[in-house]
Amino acid sequence: MAHSAGADHLNGLQESSRTILDNYQSQVRTRRIYTAVSIVIFLIILGTSLDFANSANSGKFFERLPYFFDFMKSFVPDSPLEIFRAMFDLPSPYSDGSIKYDYTSDRVWITDSFYIPNLFYELAITLNIAIVSTILGASGAFLLCFFASTNLVGAGVTRWIVRRIMEIMRAFPEIVTAGLLAAILSIGPISAIIAVWFHTVGALGKLFFEVVENADMKPDEGLRAVGGGGIGEVFSLSIGRDHAAKTYAIIILLLITVICVDQFSAWLRQRLIGRQSFEFGRGAA
(Lines give C-alpha, C1' and ligand atoms only; values in the text may rest on other atoms or scores of the structure.)
Protein backbone atom coordinates (compact mmCIF):
# COMPACT_ATOMS: atom_id res chain seq x y z
CA MET A 1 0.00 0.00 0.00
CA ALA A 2 2.81 2.41 0.90
CA HIS A 3 4.59 1.61 -2.36
CA SER A 4 1.38 2.19 -4.35
CA ALA A 5 0.73 5.49 -2.60
CA GLY A 6 4.31 6.62 -3.26
CA ALA A 7 3.99 5.71 -6.93
CA ASP A 8 0.70 7.60 -7.25
CA HIS A 9 2.28 10.65 -5.59
CA LEU A 10 5.25 10.47 -7.97
CA ASN A 11 2.95 10.17 -10.97
CA GLY A 12 1.00 13.18 -9.74
CA LEU A 13 4.18 15.23 -9.47
CA GLN A 14 5.21 14.18 -12.95
CA GLU A 15 1.83 15.20 -14.35
CA SER A 16 2.04 18.58 -12.59
CA SER A 17 5.55 19.14 -13.89
CA ARG A 18 4.47 18.17 -17.38
CA THR A 19 1.53 20.60 -17.21
CA ILE A 20 3.80 23.43 -16.03
CA LEU A 21 6.29 22.64 -18.80
CA ASP A 22 3.54 22.63 -21.43
CA ASN A 23 2.23 26.00 -20.20
CA TYR A 24 5.74 27.43 -20.21
CA GLN A 25 6.44 26.24 -23.75
CA SER A 26 3.10 27.65 -24.88
CA GLN A 27 3.96 31.04 -23.38
CA VAL A 28 7.39 30.96 -25.04
CA ARG A 29 5.83 30.23 -28.44
CA THR A 30 3.31 33.05 -27.95
CA ARG A 31 6.06 35.46 -26.94
CA ARG A 32 8.15 34.52 -29.98
CA ILE A 33 5.17 35.14 -32.25
CA TYR A 34 4.59 38.55 -30.67
CA THR A 35 8.30 39.34 -31.00
CA ALA A 36 8.36 38.35 -34.67
CA VAL A 37 5.24 40.41 -35.41
CA SER A 38 6.73 43.40 -33.56
CA ILE A 39 9.98 43.14 -35.55
CA VAL A 40 8.08 42.96 -38.84
CA ILE A 41 5.99 46.02 -37.90
CA PHE A 42 9.14 47.88 -36.84
CA LEU A 43 10.88 47.07 -40.12
CA ILE A 44 7.86 48.23 -42.11
CA ILE A 45 7.73 51.52 -40.17
CA LEU A 46 11.49 51.96 -40.51
CA GLY A 47 11.38 51.33 -44.27
CA THR A 48 8.49 53.73 -44.70
CA SER A 49 10.31 56.40 -42.66
CA LEU A 50 13.50 56.02 -44.68
CA ASP A 51 11.57 56.23 -47.93
CA PHE A 52 9.80 59.36 -46.71
CA ALA A 53 13.11 60.90 -45.62
CA ASN A 54 14.63 60.12 -49.00
CA SER A 55 11.67 61.66 -50.82
CA ALA A 56 11.68 64.74 -48.60
CA ASN A 57 15.37 65.27 -49.37
CA SER A 58 14.95 64.86 -53.12
CA GLY A 59 16.67 61.50 -53.16
CA LYS A 60 19.72 62.76 -51.28
CA PHE A 61 19.08 60.84 -48.05
CA PHE A 62 20.51 57.48 -49.10
CA GLU A 63 23.12 59.23 -51.21
CA ARG A 64 24.49 61.03 -48.14
CA LEU A 65 24.44 58.01 -45.80
CA PRO A 66 28.09 57.03 -46.56
CA TYR A 67 29.10 60.43 -45.18
CA PHE A 68 27.18 59.95 -41.93
CA PHE A 69 30.29 59.75 -39.75
CA ASP A 70 32.30 62.43 -41.53
CA PHE A 71 31.67 64.86 -38.68
CA MET A 72 33.16 62.48 -36.12
CA LYS A 73 36.18 61.86 -38.34
CA SER A 74 36.84 65.57 -38.75
CA PHE A 75 36.08 66.41 -35.11
CA VAL A 76 39.48 65.24 -33.87
CA PRO A 77 42.07 67.51 -32.18
CA ASP A 78 45.29 68.16 -34.04
CA SER A 79 47.15 66.68 -31.09
CA PRO A 80 46.15 65.04 -27.76
CA LEU A 81 48.06 67.84 -26.03
CA GLU A 82 45.58 70.33 -27.53
CA ILE A 83 43.00 69.05 -25.03
CA PHE A 84 45.40 69.88 -22.19
CA ARG A 85 46.15 73.32 -23.66
CA ALA A 86 42.44 74.09 -24.12
CA MET A 87 41.71 72.94 -20.56
CA PHE A 88 44.30 75.26 -18.99
CA ASP A 89 44.19 78.12 -21.54
CA LEU A 90 47.74 77.56 -22.75
CA PRO A 91 49.14 78.86 -26.08
CA SER A 92 48.66 76.52 -29.03
CA PRO A 93 51.40 75.80 -31.59
CA TYR A 94 48.64 75.49 -34.20
CA SER A 95 47.48 79.06 -33.65
CA ASP A 96 46.53 80.68 -36.94
CA GLY A 97 44.86 83.80 -35.59
CA SER A 98 41.41 82.23 -35.45
CA ILE A 99 39.21 81.82 -32.36
CA LYS A 100 39.54 78.02 -32.60
CA TYR A 101 43.10 78.02 -31.26
CA ASP A 102 42.92 81.22 -29.24
CA TYR A 103 42.81 79.66 -25.76
CA THR A 104 44.74 82.36 -23.91
CA SER A 105 42.12 85.07 -24.47
CA ASP A 106 39.62 83.10 -22.37
CA ARG A 107 41.71 83.38 -19.21
CA VAL A 108 39.98 84.85 -16.15
CA TRP A 109 42.64 87.01 -14.54
CA ILE A 110 42.52 87.30 -10.75
CA THR A 111 45.66 89.40 -10.49
CA ASP A 112 48.15 90.69 -13.03
CA SER A 113 50.08 87.43 -12.83
CA PHE A 114 47.51 84.81 -11.76
CA TYR A 115 44.55 83.56 -13.76
CA ILE A 116 41.89 80.84 -13.59
CA PRO A 117 41.38 78.77 -16.76
CA ASN A 118 38.07 79.70 -18.32
CA LEU A 119 36.68 76.15 -18.28
CA PHE A 120 37.34 75.82 -14.54
CA TYR A 121 35.73 79.19 -13.98
CA GLU A 122 32.62 78.23 -15.94
CA LEU A 123 32.50 74.86 -14.17
CA ALA A 124 32.53 76.67 -10.83
CA ILE A 125 29.62 78.79 -12.04
CA THR A 126 27.71 75.63 -12.99
CA LEU A 127 28.30 74.07 -9.57
CA ASN A 128 27.16 77.29 -7.90
CA ILE A 129 24.02 77.30 -10.06
CA ALA A 130 23.24 73.74 -9.00
CA ILE A 131 23.88 74.40 -5.30
CA VAL A 132 22.01 77.71 -5.09
CA SER A 133 19.01 76.55 -7.15
CA THR A 134 18.76 73.30 -5.17
CA ILE A 135 18.84 75.12 -1.83
CA LEU A 136 16.25 77.67 -2.99
CA GLY A 137 14.07 75.01 -4.60
CA ALA A 138 14.18 72.70 -1.60
CA SER A 139 13.39 75.61 0.72
CA GLY A 140 10.41 76.67 -1.38
CA ALA A 141 9.15 73.10 -1.64
CA PHE A 142 9.54 72.63 2.12
CA LEU A 143 7.41 75.71 2.80
CA LEU A 144 4.69 74.80 0.30
CA CYS A 145 4.45 71.11 1.24
CA PHE A 146 2.69 71.90 4.52
CA PHE A 147 -0.05 73.81 2.69
CA ALA A 148 -0.49 70.88 0.29
CA SER A 149 -0.78 68.18 2.94
CA THR A 150 -4.23 66.77 3.61
CA ASN A 151 -3.52 65.98 7.25
CA LEU A 152 -2.53 69.61 7.98
CA VAL A 153 -4.74 71.71 5.70
CA GLY A 154 -7.51 69.24 4.87
CA ALA A 155 -9.42 69.07 1.60
CA GLY A 156 -9.70 72.83 1.36
CA VAL A 157 -9.18 75.39 -1.39
CA THR A 158 -5.66 76.21 -0.20
CA ARG A 159 -4.47 72.63 -0.54
CA TRP A 160 -6.04 72.33 -4.02
CA ILE A 161 -4.47 75.58 -5.26
CA VAL A 162 -1.00 74.78 -3.88
CA ARG A 163 -1.03 71.31 -5.42
CA ARG A 164 -2.08 72.68 -8.81
CA ILE A 165 0.69 75.29 -8.64
CA MET A 166 3.28 72.60 -7.91
CA GLU A 167 1.90 70.46 -10.74
CA ILE A 168 2.38 73.34 -13.18
CA MET A 169 5.89 74.02 -11.89
CA ARG A 170 7.08 70.43 -12.30
CA ALA A 171 5.32 69.94 -15.65
CA PHE A 172 7.90 72.10 -17.42
CA PRO A 173 11.40 70.58 -17.77
CA GLU A 174 14.29 72.77 -16.69
CA ILE A 175 15.59 73.10 -20.25
CA VAL A 176 12.25 74.50 -21.48
CA THR A 177 12.03 77.03 -18.66
CA ALA A 178 15.68 77.98 -19.13
CA GLY A 179 15.11 78.59 -22.84
CA LEU A 180 12.12 80.83 -22.13
CA LEU A 181 13.98 82.80 -19.47
CA ALA A 182 17.05 83.08 -21.69
CA ALA A 183 14.91 84.79 -24.31
CA ILE A 184 13.68 87.26 -21.67
CA LEU A 185 16.68 87.71 -19.37
CA SER A 186 19.42 86.61 -21.81
CA ILE A 187 21.69 83.61 -21.28
CA GLY A 188 23.34 83.54 -17.89
CA PRO A 189 23.38 82.04 -14.39
CA ILE A 190 20.22 83.88 -13.28
CA SER A 191 18.12 82.18 -15.97
CA ALA A 192 19.54 78.77 -15.06
CA ILE A 193 18.98 79.27 -11.31
CA ILE A 194 15.37 80.34 -11.80
CA ALA A 195 14.71 77.46 -14.21
CA VAL A 196 16.07 74.78 -11.88
CA TRP A 197 14.42 76.41 -8.87
CA PHE A 198 11.07 76.53 -10.66
CA HIS A 199 11.08 72.81 -11.48
CA THR A 200 12.57 71.81 -8.13
CA VAL A 201 9.80 73.46 -6.12
CA GLY A 202 7.18 71.46 -8.00
CA ALA A 203 9.07 68.17 -8.01
CA LEU A 204 10.31 68.22 -4.42
CA GLY A 205 7.10 69.83 -3.17
CA LYS A 206 5.12 66.76 -4.21
CA LEU A 207 7.60 64.46 -2.50
CA PHE A 208 7.65 66.57 0.65
CA PHE A 209 3.89 66.74 1.13
CA GLU A 210 3.61 63.00 0.54
CA VAL A 211 6.19 62.46 3.29
CA VAL A 212 4.24 64.81 5.54
CA GLU A 213 1.16 62.72 4.85
CA ASN A 214 3.18 59.63 5.92
CA ALA A 215 3.22 58.15 2.44
CA ASP A 216 5.63 55.25 1.96
CA MET A 217 7.69 56.98 -0.66
CA LYS A 218 11.42 57.75 -0.66
CA PRO A 219 12.78 60.04 -3.35
CA ASP A 220 15.80 58.56 -5.13
CA GLU A 221 16.41 61.02 -7.94
CA GLY A 222 18.88 63.89 -7.63
CA LEU A 223 18.61 67.28 -9.13
CA ARG A 224 20.63 68.14 -12.30
CA ALA A 225 21.47 71.60 -13.38
CA VAL A 226 20.80 72.72 -16.96
CA GLY A 227 23.15 74.56 -19.29
CA GLY A 228 21.36 77.92 -19.14
CA GLY A 229 24.69 79.41 -18.10
CA GLY A 230 28.11 78.34 -16.93
CA ILE A 231 30.06 75.59 -18.63
CA GLY A 232 27.01 74.30 -20.52
CA GLU A 233 26.99 77.49 -22.56
CA VAL A 234 30.71 77.14 -23.33
CA PHE A 235 30.21 73.49 -24.27
CA SER A 236 27.45 74.34 -26.72
CA LEU A 237 29.49 77.13 -28.29
CA SER A 238 32.62 74.98 -28.60
CA ILE A 239 30.70 72.30 -30.51
CA GLY A 240 29.03 74.86 -32.74
CA ARG A 241 32.36 76.51 -33.53
CA ASP A 242 34.11 73.20 -34.25
CA HIS A 243 36.55 73.60 -31.33
CA ALA A 244 37.36 69.92 -30.84
CA ALA A 245 40.09 70.27 -28.21
CA LYS A 246 38.02 72.56 -26.01
CA THR A 247 34.99 70.26 -26.30
CA TYR A 248 36.94 67.20 -25.18
CA ALA A 249 38.48 69.22 -22.35
CA ILE A 250 34.99 70.18 -21.11
CA ILE A 251 33.83 66.56 -21.30
CA ILE A 252 36.82 65.41 -19.23
CA LEU A 253 36.25 68.12 -16.64
CA LEU A 254 32.54 67.29 -16.37
CA LEU A 255 33.32 63.59 -15.97
CA ILE A 256 35.83 64.27 -13.20
CA THR A 257 33.41 66.66 -11.48
CA VAL A 258 30.52 64.18 -11.56
CA ILE A 259 32.72 61.44 -10.10
CA CYS A 260 33.95 63.74 -7.32
CA VAL A 261 30.43 64.94 -6.48
CA ASP A 262 29.11 61.35 -6.40
CA GLN A 263 31.94 60.22 -4.13
CA PHE A 264 31.39 63.17 -1.80
CA SER A 265 27.65 62.47 -1.75
CA ALA A 266 28.25 58.81 -0.86
CA TRP A 267 30.66 59.83 1.91
CA LEU A 268 28.17 62.36 3.28
CA ARG A 269 25.33 59.80 3.28
CA GLN A 270 27.49 57.36 5.20
CA ARG A 271 28.30 60.05 7.74
CA LEU A 272 24.64 60.99 8.19
CA ILE A 273 23.00 57.55 7.99
CA GLY A 274 25.80 55.37 9.30
CA ARG A 275 28.11 52.93 7.59
CA GLN A 276 26.19 49.96 9.05
CA SER A 277 23.23 50.70 6.77
CA PHE A 278 25.43 50.28 3.68
CA GLU A 279 27.06 47.14 5.08
CA PHE A 280 23.62 45.62 5.70
CA GLY A 281 22.65 46.25 2.08
CA ARG A 282 25.82 44.58 0.82
CA GLY A 283 25.23 41.57 3.08
CA ALA A 284 21.67 41.17 1.82
CA ALA A 285 22.85 41.34 -1.79
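This is a predicted model: local features need pLDDT of at least 70, side-chain atom pairs count only at pLDDT 80 or more; totals for chains, interfaces and linings use all residues.
I went for the cysteines to begin with and found zero disulfides in the structure, taking a disulfide as a pair of cysteine sulfur atoms within 2.5 Å. Cysteine 145 comes out buried, because its relative accessibility is 1%. Cysteine 260 has 48%, so I put it down as partly exposed.

**Ground rules**

Residues are numbered from 1 along each chain as its sequence is written, and side-chain values use heavy atoms, with hydrogens and water left out.

**Fold**

I counted twelve helices and two strands in the chain; these are DSSP runs numbered from the N terminus, with helices being H or I of at least four residues and strands E of at least two. Going along the sequence, I read the pattern as α-α-α-α-β-β-α-α-α-α-α-α-α-α. Of the 285 residues in the chain, 26% are buried.

**Salt bridges**

How many salt bridges are there? I get three, using a side-chain nitrogen of Lys or Arg within 4 Å of a carboxyl oxygen of Asp or Glu.

- Glutamate 82 bridges to arginine 85, with 2.6 Å between the closest N and O atoms. Both sit in helix 4, three residues apart, about one turn of the helix. I checked burial too: glutamate 82 and arginine 85 are both buried.
- Aspartate 106 meets lysine 246 at 2.7 Å, N to O. This pair links distant parts of the chain, 140 residues apart: aspartate 106 is in the loop between helix 4 and strand 1, and lysine 246 is in helix 11 (residues 244-273). Lysine 246 is buried, because its relative accessible area is 9%, whereas aspartate 106 is partly exposed at 22%.
- Glutamate 167 pairs with arginine 164 at 2.6 Å, N to O. They are three residues apart in helix 7 (residues 157-171), so about one helical turn separates them. I have glutamate 167 as partly exposed at 33% and arginine 164 as partly exposed at 25%.

**Rings**

Next I looked at aromatics, where rings of Phe, Tyr and Trp (its six-membered ring) pair if their centres lie within 6.5 Å; planes under 30 degrees apart are stacked, over 60 edge-to-face, and the rest tilted. That gave me four aromatic pairs. The pair of phenylalanine 84 and phenylalanine 88 is tilted, because the planes are at 50°, with the ring centres 4.9 Å apart. Ring pairs also tie Phe84, Phe88 and Phe120 into a cluster. Phenylalanine 84 is partly exposed, at 45% relative accessibility, and phenylalanine 88 is partly exposed as well, at 28%.

I also found a charge over a ring (NZ of Lys or CZ of Arg within 6 Å of the ring centre and within 35 degrees of the ring normal). The charged end of arginine 107 sits over tyrosine 115, 4.3 Å from the ring centre.

**Nonpolar patch**

Which residues make the nonpolar surface patch? I listed Val132, Leu136, Leu180, Ile184, Leu185, Ile190, Ile194 and Trp197, about 720 Å² between them. Patches are built from residues with over 30% relative accessible area and no salt bridge, joining like charges within 9 Å and nonpolar side chains (Val, Leu, Ile, Met, Phe, Trp, Tyr) within 5 Å. The areas are Shrake-Rupley with a 1.4 Å probe, and for residues only the protein chains shown count as cover. Helix 5 (118-148), helix 8 (174-185) and helix 9 (189-212) each give at least two residues to the patch. I placed tryptophan 197 in helix 9; its relative accessible area is 31%, so it is partly exposed.

Most residues other than glycine have a negative phi. I located aspartate 89 in the loop between helix 4 (80-87) and strand 1 (108-109). Is aspartate 89 buried or exposed? It is buried, because its relative accessible area is 1%.

Last one: I looked up valine 76, which is in the loop between helix 3 (70-74) and helix 4. Its C-alpha lies 7.6 Å from that of alanine 245, 169 residues apart along the chain. At 49% relative accessible area, valine 76 is partly exposed.

Technical notes. Buried means under 20% relative accessible area, exposed over 50%, partly exposed in between (1.4 Å probe, protein chains only).
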